[in-house]
Amino acid sequence: MLNFLSNNTVNKNKKIIKQINQLYKTINKYSNKELKEQTSKLKNQLTNKESNINKILPEAFATIKVAIKRATELELFDVQLLGAIALHNSNITEMKTGEGKTLVAITVGYLNSLENKGVHIITVNDYLAERDARLAKNIFNYLNIEIGLITQNTNHNNRKINYACHITYITNSELGFDYLRDNMSTHQNDIVQRDFNYAIIDEVDSILIDEARTPLIISGNSEVADNLYNTAKELTNELNNKVHYKIDEKSKNIILTEEGILSCEKILNLKNLYNVNSPWIKYIINALKAKELFIKNRDYIIKNNQVTIVDEFTGRIMEGRRWSDGLHQSIEAKENMQIAAENKTLASITYQNLFLLYKKLCGMTGTAKTEENEFFKIYKLNVIEIPTNQKCIRKDLPDLVYRSEYSKWKAIASECFDMYKIGRPTLIGTTNVEKSELLAKMLNRLRIPYNLLNAKPENISREAEIITQAGRKHSITISTNMAGRGTDIILGGNPEKIAKIVIYNYINKKSNLAFLNKKEDQIIQILKTIKISTLKENIDIEIIDKDLNKILNNHKLSKSFYNVLQQLTNIYKKLCREERKEVLELGGLYVIGTERHESRRIDNQLRGRSGRQGDKGTTRFFISLQDNLFRIFGGETIENIMKKLNIDDETPIESIILSRSLSSAQKKVESYFYDIRKQLFEYDEVINNQRIAIYTERKKILNSTFTKDCIIEYGEYTINEIINIYQKETEEQKIKVIQQALKLLNINDNLDIKSLTSMNTNEIKYFLHEQLRIKYDLKEVYLEQLRPGLIRQLEKYYLLKQIDNAWQDHINKMSLLKEYIGWRSYGQQDPLIEYKNEAFNLFINMVTYIRQSVTYLVLRSRLIINK
Ligand code: ADP
């Protein structure tokens, strides 16, 4: 079974698991109080020199296994323990959907929380963070471990408190933004995060691969350039594809042709469009991208009068995110919407570099193996496949290939019709909102009821409820990419959720809670009469959970409520079990893919929805030669085959040659995108090292109580730099340089400059250093007299302010640099090397500027006291 690991490791792990299960038997007999004491006992063991975290692993895992059992009645499977061991050893564990990864994270989270250094469990959205944290709180109640939760709605103070917990649930974007904000704060008290210790990333492929291409950015507004955007839009409406510009769909790029350049120059009355001092080219290219490559309801939607990004992989809405470098504004111009002010980047980081800040990192997902290489090269993480608890017996049928897209969709709709008639639950994955709506329309015509799950705001909050129903008989569910939906599909339905929905509906319809005053039996009798097959209403399980919790908090009846919920759940359990049997007889969940995605991993995620925990299930992809993947990445050979076989539009072919060439097309695309991410990473590494240097310096200053030394050091550096220049100058210039130095030090006494220049350079240096100290001491005495302690505050303020301003200018320069290097990359030099060299120079200039300006400002600070 465990052939993915070396024999040694397998045997070692087998032994550990046996040990855990033996300890489990013992600890299971403990009272709740004794169980709780386990935590302090294990923590104590850790302080023992001979012990370490690996030594206490078996007992910690056994302890958490008992806590899980008491809180949820679930008993961890061995494969879950195996997954947790792999996570503990900084790997990525590939565990299929439905294998219970949430509990795996909790298991390894417990062990690592015992070190009191913080454990972050990172999810892709607030819904999952809340759901998982709720479960964790129930479990860790048994163990004296504090669980923190941070979502978009958490305020500043609570963030700090929640970061200080033993284990914190948080989304990747909240984590990143907090990191950036912390590094912009000017008071120690404002800092919310602790040092990054250990992170467990759920759906690690979504976060580290799919989202790796868009950096997190905190930006401040600068002026609005409406005119430029609108003029560029109008201008590009006059330009034609293939004549004035060429589209490279592969790289999502657009290049102006010679004729295009001439037209633009003529219309704008310019001599040279590519002059560095002319702003136009950026606006024109963005307007063209907006026109040709970014399509409404596919790449973005309009929500609350805002252009909102739709994640191309997951179909999720990316709230608050904006495309950078003016692209977002160009799309706003295209949609005739108000154009947001252009943003100046204040701070930014990519997820790649954010997660590399952790001392220890690991992740879990259903699909990682295809990206194994990347995980290793960039994050130094190995991918370990964990076997499923039950053997997977799902059938993945060969693709059906149609000649035209139209006939493909017709075939899919008719397949749905057949499945609906026999009652087999079917899940159809589409690649974007537009296509899911197309299919929905076709099903309307066939009069088949279905649920639609896509990235639109009116649907997204219902997603958990829809998925709960997706395994019930006759369910037809259309969904955009399934990545990260986080809720697994249970055949026959989820009894507890159905029970909650029934109670909630009843309370809402009767619009009072009085009925809870009735005898429990009576309530059950009433609720039992509700047919669960009629439950396909617009219900959001998240809202239900929240509302019901409110009722429980406010109402004295919570005990009776729980009894009702329990009894009702038991009733539905039986019904669901029967329904599950029927569904299994029909073959289990049927998953239909409607297009091969650019990445095999995303296809695997969709397939993985079916066949959980040893259930029967089937998957099949319906594709056409007009699909993007074929069109863009070479489907000619296939088209030729089809022509030769003389096949009409309606007849699909099922062939191994076709499937193979499809897979190879996907591999081509994957490696293409990998190269882009790798390139991004390599470029980003340069700025990342600089960021680490600046943030470290900043932190040192922020945490220091005595910053005088730092200022003196900056001053001395600056003097040395000036003297270095001085050495190389002509006599005449030398005087100017000395004057500059004196000005910096705020010395305008009638100093004899001639006698100064007659000294040797070391003497001058020494003299100026001395002057610096004297000046500074005088300044200090002066300010101390006026207001004690003020000088230290001023120092800190100047230091942080100058660093921040200079750094912000610097990152904006760096992004321009990257763009320019891209444009001139046709030269001999490797653009990356050229970028590194120039970036280094920019950095040195920035540091010099910081030192100079801080020295200059501090020596000139005066206090004006308002009376
Ligand atoms: P994944 O994230 O791997 O898809 P989840 O963590 O969402 O899986 O769990 C899927 C389902 O399996 C949940 O309903 C959970 O309660 C259940 N489950 C997890 N572990 C066990 C177990 N050891 N025994 C029985 N059911 C389990």
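Which residues point one way from strand β5, which point the other way, and are they buried or exposed? Y198, I200 and D202 point one way, A199 and I201 point the other way, and all are buried. Here "buried" means under 20% relative accessible area, "exposed" means over 50%, and "partly exposed" is in between, using a 1.4 Å probe and the protein chains only.

Before we go on, a word about the model. It is a predicted one, where local features need pLDDT of at least 70 and side-chain atom pairs count only at pLDDT 80 or more, while totals for chains, interfaces and linings use all residues. Residues are numbered from 1 along each chain as its sequence is written, and side-chain values use heavy atoms, with hydrogens and water left out.

The names of helices and strands come from DSSP runs, numbered from the N terminus: helices are H or I runs of at least four residues, and strands are E runs of at least two. Strand β5 covers residues 198-202, and five of its five residues are buried.

Two strands count as paired if DSSP finds at least two bridges between them. Strand β2 (residues 119-123) is joined to β5 by four bridges, and the two run parallel. In this pairing, H120 stands opposite A199. Strand β13 (residues 360-365) is also parallel to β5, with five bridges between them. There, D202 stands opposite M364.

**A three-strand sheet**

Elsewhere, an open sheet of three strands has the order β9-β10-β11, with antiparallel pairing. Because β9 (300-303) and β11 (317-318) stand at the edges with a single partner strand each, one side of each is left without a neighbour in the sheet. Four bridges join β9 to β10 (residues 306-310), and K303 stands opposite Q306 in β10.

**Around the ligand**

How many residues surround the ligand? There are 15, and the closest are E75, Q80, G98, K101 and T102. A residue counts as near when one of its heavy atoms lies within 4 Å of the molecule. Helix α5 supplies the largest share of this shell, three residues. By type, the shell divides into four nonpolar, five polar and six charged residues. In this grouping, Ala, Val, Leu, Ile, Met, Phe, Trp, Tyr, Cys and Pro are nonpolar, Asp, Glu, Lys and Arg are charged, and the others, Gly among them, are polar.

The table lists polar contacts, meaning pairs of N or O atoms within 3.5 Å; within protein, one atom must be able to donate a hydrogen and the other to accept it, and residues adjacent in sequence count only if both atoms are side-chain atoms.

| Residue | Polar atom of the residue | Ligand atom | Distance |
|---|---|---|---|
| E75 | backbone | nitrogen | 2.8 Å |
| G100 | backbone | oxygen | 3.1 Å |
| K101 | side chain | oxygen | 2.9 Å |

On its own the ligand has 570 Å² of accessible area, and the protein covers 75% of that. Such areas come from the Shrake-Rupley method with a 1.4 Å probe, and for residues only the protein chains shown count as cover.

An unreviewed UniProt entry places the feature "binding site" at Q80, G98, E99, G100, K101, T102 and D488. UniProt positions are given in the numbering used here, feature names are shortened, and annotations may be inferred rather than shown by experiment. One of these residues, G98, sits in the loop between β1 (91-94) and α5. G98 is buried, at 17% relative accessible area.

**Two asparagines with positive phi**

Most residues other than glycine have a negative phi. N116, in the loop between α5 (101-113) and β2, has a phi near 60°. It is partly exposed, with a relative accessible area of 41%. N269 also has a positive phi, of about 60°, and is found in the loop between α11 (258-268) and α12 (280-292). N269 is exposed, at 70% relative accessible area.

**Other covered places**

In helix α8 (residues 172-182), nine of the 11 residues are buried, among them F177 and Y179. T594, in the loop between β20 (589-593) and α24 (600-607), is buried at 1% relative accessibility. A polar atom of the T594 side chain lies 2.7 Å from the backbone oxygen of G429.
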